[in-house]
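Hi,

Here is the structure I promised to pass on. Have a look at it first, and then read on for what turned up.

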Amino acid sequence: MENQIKTNKALKGLRQLAILAAVSIAFAFMACESQMTGLDETRGSDPKILAPGSQIFVDYEQQASFPGGEQALLDFLDQNVRYPDGYEGCAQGRVVVTFTINYDGNVINPKVTRSLDKPLDDEALRVVRLMPKWIPAKENGKCKRVKYTLPIPFKLK
């Protein structure tokens, strides 16, 4: 019984380490982006038709962050990501979700950018929609909209 408890704790630690690595890769990817883009989810990607102030920044002084930091994000994912009923053991991997963190920190327009399977994609979107407000990104002291890419792992337990 004691060995099983130790094994479960070790597996949980490994899972958190894998999630931390995935989130770190996402942060590194975002840090490599170095230009402002003219994307607007409601009008397409042509910068000529953007409404004033609707740009989404990818280069900013202070990046958006989950309240409580990276570890709080990992804990949130660990506590909220669930296999759909009757679906455990059918697939594992990660779903990548891209969303916008708005001026006020709200998560908007989540979209699956790397699919695993429809029920798992839906679960990843459900979890992203559950997220509390983020601390928004800032540029020159002003809050900015930013794109964020988050890998959400699904692993057999």
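Asn140 counts as exposed because its relative accessibility is 60% (buried means under 20% relative accessible area, exposed over 50% and partly exposed in between, with a 1.4 Å probe and protein chains only). Asn140 sits in the loop between E3 and strand E4 (142-144), and its phi is near 55°, a positive value in a residue other than glycine. Helices (H or I, at least four residues) and strands (E, at least two) are DSSP runs, numbered from the N terminus. Asn109, in strand E2, is also not a glycine and has a positive phi of about 50°. With a relative accessibility of 32%, Asn109 counts as partly exposed. As background, most residues other than glycine have a negative phi.

Before you go further, please note that this is a predicted model, in which local features need pLDDT of at least 70 and side-chain atom pairs count only at pLDDT 80 or more, while totals for chains, interfaces and linings use all residues. Residues are numbered from 1 along each chain as its sequence is written, and side-chain values use heavy atoms, with hydrogens and water left out.

Now the overall picture. The protein has three helices and five strands, which follow the pattern α-α-β-β-α-β-β-β along the sequence. Of its 157 residues, 37% count as buried. The accessible surface comes to about 9,100 Å², and 54% of that belongs to carbon and sulfur atoms (Shrake-Rupley method with a 1.4 Å probe; for residues, only the protein chains shown count as cover). Taking contacts between residues at least 6 apart in sequence, 74% join residues at least 24 apart, where contact means heavy atoms within 4.5 Å.

What sits inside? The largest nonpolar core has 26 residues, and Leu77, Phe99, Met131, Trp134 and Ile152 touch the most other members. Such a core is a set of buried Ala, Val, Leu, Ile, Met, Phe, Trp, Tyr and Cys residues joined through side-chain atoms within 4.5 Å. Helix H2 (70-80), strand E1 (93-101), helix H3 (118-130) and strand E5 (146-154) each supply at least two residues of this core.

The aromatic residues deserve a look of their own. There are six aromatic pairs in the structure; rings of Phe, Tyr and Trp (its six-membered ring) pair if their centres lie within 6.5 Å, and planes under 30 degrees apart count as stacked, over 60 as edge-to-face and the rest as tilted. Phe99 and Trp134 form an edge-to-face pair, because their ring centres are 5.8 Å apart and their planes meet at 65°. This pair links distant parts of the chain, with Phe99 in strand E1 and Trp134 in the loop between H3 and strand E3 (137-139), 35 residues apart. Both Phe99 and Trp134 are buried. Phe99 also pairs with Tyr148: the centres are 5.3 Å apart and the planes at 35°, so this pair is tilted. Since Phe99 lies in strand E1 and Tyr148 in strand E5, the pair ties together parts that are 49 residues apart in sequence. Tyr148 counts as buried, at 0% relative accessibility. Ring pairs join Phe66, Phe76, Phe99, Trp134 and Tyr148 into a cluster.

Strand E1 is mostly covered, with seven of its nine residues buried. Nine bridges join E1 to E5, and the two run antiparallel; two strands pair if DSSP finds at least two bridges between them. In that pairing, Thr100 stands opposite Lys147 in E5. E1 and E2 are antiparallel too, joined by five bridges, and Thr98 has Lys111 in E2 as its bridge partner. The hairpin of E1 and E2 has five residues between the strands, and Gly105 there takes a positive phi near 95°.

Which residue of E1 would I click on next? Val95 lies in this strand and is buried, with a relative accessible area of 0%. Beyond neighbours within four places in sequence, the contacts of Val95 include Val112, Leu120, Ala124, Leu150 and Phe154.

Finally, helix H3. Its buried residues are Leu120, Asp121, Glu123, Ala124, Leu125, Val127 and Val128, and what covers them includes H2, E1, strand E2 (107-114) and E5.

Best wishes
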